[in-house]
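Dear colleague,

I am passing on the structure below for you to look at when you have time. My notes on it come after the structure.

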Amino acid sequence: MAETTATPEPCGCSCGCCAPGLFPWWILLLWGLLALILGVMFLASPGITTVIFITFLGAYWFVGGLFSLASLAVDRSNMGWKIVLAILNLIAGIIVLAYPLYSTFFLLTFVIIIIGVWACITGGAHLYHAFSRKDAGNGILGIISLVFGVLLLAFPLISAALLPFIAGIFAIVIGIAAIVTSFAAKKQVPTAPAP
C-alpha cells in the first residue's frame with residue numbers, strides 16, 4: 001500500500017499572501033508585534049497596564065452579555081443558560097468597569113488562588129502515579145507542583161503582584177516567537193506568476 005501525504009491547501013486567494021495550510025503570515029506578524037508591545041508594557045508599568053487590561057476585560061464581558069441577550073431574538077435554544085450567562089457577564093462587566101482598581105486586585109488574587117489549587121491537585125495526582133507506578137519522574141513533578149501550589153496559596157498577594165511581570169515576560173517570548181514564525185511562513189509563500 002502506497003503511503004500518501006496530504007499537502008495543505010493555500011487559502012485560495014490570488015494575492016499569494018498565505019503560506020500553504022496557514023493563515024496569512026502578516027496576521028501572525030501582527031499578533032507577535034501586539035504581544036511584544038503588551039509584554040513591554042507589562043514590564044515597564046505593570047500596575048497601569050494591568051488595570052487597563054482588566055478594564056478591557058470588563059468591557060468585553062459587558063458587551064458579550066449584551067450580545068448574548070440580543071442573540072435570543074434569533075436563536076432561543078438553551079434560553080435559560082444563555083440568560084444566566086448573559087446576566088453574569090453583564091454583572092461582572094459592570095462591576096469591573098465601575099471599580100477597576102478593586103477588580104484588578106480581586107481578579108489577580110482569584111487567578112492566583114485558582115492556579116495554586118490546580119497546582120496542588122496536579123502535584124497530588126503526580127505523586128499518586130509516582131507511588132503506584134514506582135516512577136521517580138512523576139514524583140519529582142508532583143513535589144515541584146505541590147510546592148509551587150502551596151507557595152501560591154500561602155502568599156497570594158505577593159504572587160498576584162508578580163503576575164504582571166510573569167505575563168509580560170511570557171508575552172515577550174510569545175511575541176518574538178510569533179514574529180520569527182511569521183517571517184518563516186512568508187518565505188514559504190509561493191510567489192504568484194507574473195501576468
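Residues are numbered from 1 along each chain as its sequence is written, and side-chain values use heavy atoms, with hydrogens and water left out.

The mean pLDDT (the predictor's confidence in each residue, from 0 to 100) is 85, and 85% of the residues reach 70 or more. Over residues 1-10 the pLDDT is below 50, and this stretch has six contacts (heavy atoms within 4.5 Å) beyond near neighbours in sequence. Where pLDDT is low, the predicted coordinates should not be read in detail.

On the surface there is a nonpolar patch with about 1000 Å² of accessible area together, whose members include Leu43, Ile143, Phe155 and Val173. Such patches are made of residues with over 30% relative accessible area and no salt bridge, and nonpolar side chains (Val, Leu, Ile, Met, Phe, Trp, Tyr) are joined within 5 Å, like charges within 9 Å; a salt bridge is a side-chain nitrogen of Lys or Arg within 4 Å of a carboxyl oxygen of Asp or Glu, and areas come from the Shrake-Rupley method with a 1.4 Å probe, only the protein chains shown counting as cover for residues. Leu43 lies in helix 1 (residues 25-44).

Leu163 touches Leu108, Val111 and Ile112, leaving aside residues up to four places away in sequence.

Best wishes

Methods
Predicted model: local features only at pLDDT ≥ 70, side-chain atom pairs only at ≥ 80, totals over all residues. Helix = DSSP H or I, 4+ residues; strand = E, 2+ residues; numbered from the N terminus.
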